[in-house]
Amino acid sequence: MRSPAATLGRWAIHIAIWGLGIAYLVPLVVVVLNSLRSAEEITQTSMIGWPHIWEFSNYIQVWSTYCIAQTCSGIRPYMLNSAAVTIPATLISTLLGAVAGYAISLWRFKGDRWIFGLVTAGVFLPEQMRLIPWTIVLRDLGMTNTIAGLVMIHTIQGLSFTTLFCRNYYMAIPADLMKAAHIDGAGFFRIFWRIVLPLSPPILIVTVIWQFTHIWNEFLYGVTFTTGQQQPVTAALIALSAAVADVPQHGLQSAAVVVAALPPLLVYLFGGRYFVRGLTAGAVK
Amino acid sequence: MSALVIRDLHKRFGSVGVLKGINLDIDDGDFTVLVGPSGCGKSTLLNIIAGLETASSGEIVIDGKVVNTIAPKDRDIAMVFQTYALYPSMTVRQNITFGMECRNVPKPQREEAVARVARLLQIEPLLGRKPAQLSGGQRQRVAMGRALVRDPKLFLFDEPLSNLDAKLRVEMRMEIKQLHARIGATIVYVTHDQIEAMTMATRIAVMHQGEVQQFADPETIYNRPANVFVARFMGAPPMNTVPARIASGQVVVGDVRLPAPPAAAGWEGREVILGIRPECIAEPTRQFGEAGTPGIRIMAPVELTEPTGAETIVVLRMGGEKVLGRVAPDIRLTVGATAAFAIDARKICLFDPQTERLIA
């Protein structure tokens with residue numbers, strides 16, 4: 001039998017958890033419901049309400065015909081821009097991070113700690129501080145306002161995270177395994193491909209989810225370094241809300257937000273259980 | 001010819017000396033065990049032989065060739081690890097052939113080598129499995145297969161049995177010994193377990209604090225330990241070491257007098273340390289050696305008995321000094337009472353109390 005005080009405590013915890021959960025989910029529910037209501041209905045009633053008529057046309061319009069900053073192509077091209085930035089940047093930064101983490105954790109060389117320290121310092125460097133250096137780099141490389149420029153920025157900046165994640169994971173690989181491979185005569189890349197990489201799926205899934213979500217949702221670089229048709233969807237959403245300033249189009253806006261948020265949400269839904277597992281799991285024993 | 005020679009090897013980590021001038025000369029076909037308590041430097045020495053760590057100074061010569069600057073893969077060695085170190089994502093077959101794959105050995109030759117080793121170790125049914133699907137003993141066997149397939153000049157074993165349960169350890173111990181007898185390989189084997197050392201080795205190097213205390217065959221190590229450390233490290237329960245005195249050709253401990261070995265002549269009237277193995281203190285009816293010599297009879301109070309089943313370990317006061325004896329299990333001893341014991345004085349050791357070195 002639990003004491004009454006303990007029972008009360010448990011109830012308090014449950015109420016707090018449910019309260020916080022609902023508070024977090026309310027905005028999402030409001031946005032999803034609004035995306036299914038017509039503009040008239042929203043303006044005539046309230047921002048918060050159940051749809052009287054389920055209006056799916058918002059999605060069709062926002063995807064392919066709605067006008068954003070004088071271009072009437074919907075958010076489809078911007079979604080494709082985001083994908084063109086996020087997918088290569090995620091894959092390249094994850095793979096390079098795996099190699100770098102492997103080198104730092106399993107190969108001792110002079111100054112390895114310094115290099116690790118410098119690389120991970122990037123994790124704590126605020127985005128704004130890097131704006132001007134990147135502007136200069138993009139200008140000098142002639143990559144201003146290009147998708148390739150954003151891919152480069154996100155790949156390089158992502159390396160701090162991916163290297164840190166992979167390095168910590170690889171630290172758990174037993175030293176004897178490396179010794180055995182040395183005696184067998186395997187070199188740097190053969191050990192990586194044949195021994196380390198096959199052990200890596202848990203941490204690779206973690207870094208891919210992390211990188212994908214982070215790069216997809218990134219806004220500052222997108223809005224700073226690209227304009228017009230080159231912008232990723234996060235930047236385009238701002239143009240959309242600017243247009244909405246004259247005539248409120250909350251239904252369309254909400255639909256655009258839901259569509260733009262869908263890819264990282266799906267990635268998390270499919271890989272989420274690996275994410276939680278990978279962050280806590282050690283390597284093979 | 002010597003398969004492995006180590007000359008004046010030093011290893012320092014910063015200012016800490018881990019190996020302080022190691023000299024070993026290991027013959028072809030020898031089964032050499034490096035034994036010592038943890039932290040004595042034995043694993044570091046093995047890693048340096050393998051080329052996984054570098055020596056601070058000194059030379060390592062394998063098969064007549066100085067290998068100090070040669071990479072592990074080119075030293076013609078194979079190593080078996082305590083943790084087995086099997087590649088988790090590869091099958092047993094791939095684990096065994098990985099080294100050959102790295103050396104670009106043609107496929108038919110690899111297959112032939114795997115078949116030979118798998119037959120030798122009786123692991124043929126396991127070839128398609130992953131390490132995670134194997135038991136501890138099977139993993140150990142595969143790890144040995146990976147070493148054997150190389151047919152190297154030198155086998156290095158780093159505490160290979162420490163992760164096995166007691167029963168399996170005894171089995172694998174015998175198997176490795178038989179394997180050595182069959183293929184005649186030169187083996188350097190590191191362990192902290194003195195029983196493994198005694199049972200398997202043809203030569204034992206007892207290490208302590210970065211130095212080789214004694215390098216000899218098991219019998220010499222056991223019966224003529226070079227110093228008090230070796231005497232007490234080898235053997236379980238350990239050798240009794242008690243303060244004694246040499247007087248008129250006898251070793252005197254309290255009221256107990258034992259005949260002193262001839263080599264103790266120069267120590268007449270001086271203090272020594274007497275070393276006597278527990279099995280040399282037995283029940284009074286015991287006869288020692290092939291000739292069945294009766295022991296020297298003493299009376300001693302019994303402080304504690306520990307029956308192990310096969311024998312009883314007894315703590316007694318010999319001339320006032322606390323020592324361990326080993327008596328037959330059917331002898332009933334009363335704790336607190338005085339009982340008779342027979343002492344085998346043929347194998348006693350005497351050590352210099354200052355240097356702790358063997359004098360006789």
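**A walk through the two chains**

Q: Which strands form the open sheet with antiparallel pairing that includes S2 of chain B?

A: In chain B, four strands make an open sheet in the order S2-S1-S4-S5, and their pairing is antiparallel. Strand S2 (16–27) and strand S5 (65–66) of chain B are the edge strands, and each has a single partner strand, so one side of each has no neighbour in the sheet. Strands (E, at least two residues) and helices (H or I, at least four residues) are DSSP runs, numbered from the N terminus, and two strands pair if DSSP finds at least two bridges between them.

Q: Before we go on, what kind of model is this?

A: This is a predicted model, in which local features need pLDDT of at least 70 and side-chain atom pairs count only at pLDDT 80 or more, while totals for chains, interfaces and linings use all residues. Residues are numbered from 1 along each chain as its sequence is written, and chains are lettered from A and ligands numbered from 1 in the order in which they are written.

Q: Ok, back to the sheet: how many bridges are there between S1 and S2 of chain B?

A: Strand S1 (residues 2–13) of chain B pairs with S2(B) over nine bridges, in the antiparallel sense. Along that pairing, B:Arg12 is opposite B:Gly17 in S2(B), and B:Phe13 is opposite B:Val16 in S2(B).

Q: And which residue in that hairpin takes a positive phi?

A: The hairpin of S1(B) and S2(B) has two residues between the strands, and there B:Gly14 takes a positive phi near 65 degrees.

Q: What is the strand order in the open sheet of chain B that has five strands?

A: Those five strands follow the order S15-S21-S18-S19-S20 in chain B, with antiparallel pairing. Strand S15 (281–282) and strand S20 (321–327) of chain B stand at the edges with a single partner strand each, so one side of each is left without a neighbour in the sheet. Strand S19 (residues 312–318) of chain B runs antiparallel to S20(B), and seven bridges join the two; B:Arg317 has B:Lys322 in S20(B) as its bridge partner.

Q: Switching to helices, how do H2 and H4 of chain B cross?

A: The axes of helix H2 (residues 92–102) and helix H4 (residues 136–148) of chain B come within 8 Å and cross at roughly 30 degrees. Axes here are lines fitted to C-alpha atoms, for helices over the stretch in contact, and angles run from 0 to 180 degrees between N-to-C directions. H2(B) is therefore roughly parallel to H4(B), a label that covers angles under 35 degrees.

Q: Which residues meet there?

A: From H2(B), B:Val92, B:Asn95 and B:Ile96 meet B:Val142, B:Gly145 and B:Arg146 of H4(B), where contact between two residues requires C-beta atoms, placed from the backbone, within 7 Å. By class, the residues of this contact of H2(B) with H4(B) are three nonpolar, two polar and one charged. Ala, Val, Leu, Ile, Met, Phe, Trp, Tyr, Cys and Pro count as nonpolar, Asp, Glu, Lys and Arg as charged, and the others, Gly among them, as polar.

Q: What about H4 and H7 in chain A, at what angle do they pack?

A: Helix H4 (residues 76–106) and helix H7 (residues 147–170) of chain A pack at an angle of about 35 degrees, with their axes 6 Å apart. The residues of the contact of H4(A) with H7(A) divide into 18 nonpolar, 11 polar and one charged.

Q: Which domains does chain A have, then?

A: The assignment for chain A gives domain 1 (4–57) and domain 2 (76–280), with bounds that come from an automatic or database domain assignment. The C-alpha centres of these two domains of chain A are 32 Å apart, and their contact takes 11 residues from domain 1 and eight residues from domain 2.

Q: And how is chain B divided?

A: Chain B has domain 1 (2–233) and domain 2 (240–285 + 295–351) in its domain assignment, and the C-alpha centres of the two lie 38 Å apart. Seven residues of domain 1 of chain B are in contact with six residues of domain 2 of chain B, and the largest share of the domain 1 side, three residues, comes from helix H8 (residues 228–233) of chain B.

Q: Last one: how many residues does each chain bring to the contact between chains A and B?

A: Chain A brings 15 residues and chain B brings 17 residues. On the side of chain A that touches chain B, helix H8 (175–184) and helix H9 (188–196) of chain A each supply at least two residues, and H8(A) gives the largest share, seven residues. That side of chain A has nine nonpolar, two polar and four charged residues.

Methods
Parallel < 35°, antiparallel > 145°, perpendicular 65-115°, else oblique.
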